[in-house]
Amino acid sequence: MNWSLSFEPLITWPLLAVVLVPLLLALAGLWFRQRGAIFRLAALIALAAALLNPVFLDEEREPLKSIVAVVVDRSQSQDIGDRTKQTDAALAGLQQRLGRFKQFDVRVVEAGKAEAADERTETRLFSSLENAFRDVPPSRIGGAIMITDGEVHDAPSGTPDFNAPLHALITGNEHERDRRIRFENAPRFGLVGKPLDMTYRVIATNNDTGPVDVRVSVNGEQVSVEHANIGQAMPLQVTIPSAGRNIVELAINHEPGELTDTNNRAIALIDGIRENLRVLLVSGEPHAGERTWRNLLKSDASVDLVHFTILRPPEKQDGTPINELSLIAFPTRELFVEKIKDFDLIIFDRYQHRDVLPILYYDYISEYVEKGGALLIAAGPEYAGESSIARTPLMSALPAMPTGEVIDKAFYPRLTDTGQRHPVTRGLDGSATEPPHWSRWFRTIGVENPEGEVVMKGADNRPLLLLDRKGEGRVGMLLSDQGWLWARGFEGGGPHVQLYRRIAHWLMKEPELEEERLTADGRGMVLEIRRQTMSDDPGPAQVITPSGKALIVRLEKSDPGVFLGRVETSEIGLYQVGNGDLTALAHVGPVNAPEFTDVVSTENRLKPPAEATGGSVRRLAPASPLGNLTSTVMLPSIVPVRSSGAASGNDWIGLRTTDDSVLKAVSRVPLFGGFLGLGLLLLAMGSMWYREGR
């Protein structure tokens, strides 16, 4: 029972003050010893008490429970050794002991288990603890108990946000041993074919200083074995082999007695960037679209362009002095003999043979293509004429010979069945409709017996765009000079930038534009596979997990020439993916995850916040003589304490109780209510009247 006195005035306080003014006069009369002052004062006091209406309240309250959070670390480092068994045993013991106390409401929170899309895989116990107490008033927080190996990545350096004891029960053993390797400096990008400087460090829990062998692999192939001193930053130089994603892996051997070999590998993902591609553009016959190729290549930051325009053929005689014909002489020998290997692509834009280039130089260009170079012929009517470059030794590198026809006829450039799958023309903006959503062209150059792949067709379904391989090089042929209509916006224009850029980069062997390509990537804990092919069905992909387990992943058609597959995984590391003759590597899971940077159990990270709240940090299992993990746990006793008392001892931990309660019911007992109050008031007034009447 909780008794209290309350006043519920029958009139407002201002009126009550006016009514009680005579009470002050009665007090003054009592001070001056006037006759009957006592009776007058008693009557006025009775009147005041009646107007104040005093009430005794009897409150029925239900005490509230203190909220206690038990945060269980379920991160991947807890799977090492017998830590999971220790955790489960400690949780069961705590639930049993806390269940004996009716004043505690226990909330069990499992934290540290990363979601599939979480690439950090950090152990974030304090954020989970904050969520557990989000709906709890500070006065009702009794404390928190964490069951963890101590590797907590969001531990505050000072006092946590709640004012209650924090206790940490540490799994594992204090004599654990482990070695790990990590990158100290790993650039995100590197130039293809150029050495890249990196640094790494091997770390051990003991005082060993090395040396240790470090295996260096690039894209799954071991390239060297380095010798490192433990604890020292070691230099490393690797050569990036290809454009796009490259995986550099460092690995050390597993030592007996180590906790895990998961952190004996370190991964660096490096995007290979090709140096600026050098393109030689030779423009011949002046035409309306002469600057289309130039403007496109000049706007591409990855291209260094060398452009020469043949404005005056040698047979033209107009008396112009030779020193005024051009700013500089056309350096044919330097370009096509001495430095031809320096170019990644040569473009002849409506060029015809007019003795500007010696006939032997065309043979050099064919040899350049055979040895890995790239050649693009942007053809016009001159390709079908008597001076066509097809009538030179260059013919051995060309994918099609002219028939001599020039078809001046309006047509919509269309993709062939091959073109719909080819990465150069696949998904070209405007190609999905019929007719295509771009403008018409009006000229096609006729060719016969085309080689390679016809990816676009022109008037009367004649070949319009040819892509071919010659030896180690590549050749492209665009059999129309009308692409400038798209650039000028005629009839709405067309995707000339997209098309021209893809053609140029395919010729220069851009990996993303390869017809047959297999790539894989890790999205969280999901392995995604992408197969680019010209076939109708590439078949399933074969996957080898980091532990050596083989998987078969079915590839589903996504777009013409593109097949996708995905599989959810539970292992972190490098996956080998194969399909036909193609292979790919992918790293699934976090790269050098914080969860595995240090797996040795520790008390140090949780000591500052625990001691700041009056809590404690202690190990669940005693250290064994051999330093082995054991699933046996020693739980401290649990003691309810007041907010001002100590919250921990040698073999016990304290949790605070709360004084908060919930009001269930209230009983009212008016003191001046009913006949009792009326009688007392009449008695006081009658006594005063009697005394005043004498």
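**Cavity and aromatic pairs in a predicted model**

Modeller: The largest cavity holds about 80 Å³ of space. This is a predicted model, in which local features need pLDDT of at least 70 and side-chain atom pairs count only at pLDDT 80 or more, while totals for chains, interfaces and linings use all residues. Residues are numbered from 1 along each chain as its sequence is written, and side-chain values use heavy atoms, without hydrogens and water.

Colleague: Why is the pair of Trp293 and Tyr500 called stacked?

Modeller: Rings of Phe, Tyr and Trp (its six-membered ring) pair if their centres lie within 6.5 Å; planes under 30 degrees apart count as stacked, over 60 as edge-to-face and the rest as tilted. The centres of Trp293 and Tyr500 are 4.2 Å apart and the planes 5 degrees apart, so the pair is stacked.

Colleague: How do you know whether Trp293 is buried or exposed?

Modeller: Buried means under 20% relative accessible area, exposed over 50%, and partly exposed in between (1.4 Å probe, protein chains only). Trp293 has 2%, so this residue is buried; Tyr500, at 4%, is buried too.

Colleague: What makes the pair of Trp441 and Trp486 tilted?

Modeller: Their ring centres are 5.0 Å apart and their planes stand at 55 degrees, so the pair is tilted. Trp441 is buried at 0% relative accessibility, and Trp486 is buried at 3%.

Methods: 1 Å grid on protein atoms, 1.4 Å probe; cavity = no way out; pocket = protein on both sides within 12 Å on 5 of 7 lines; lining within 4 Å. Points joined across faces, edges and corners; volume = space filled by probe spheres on them.
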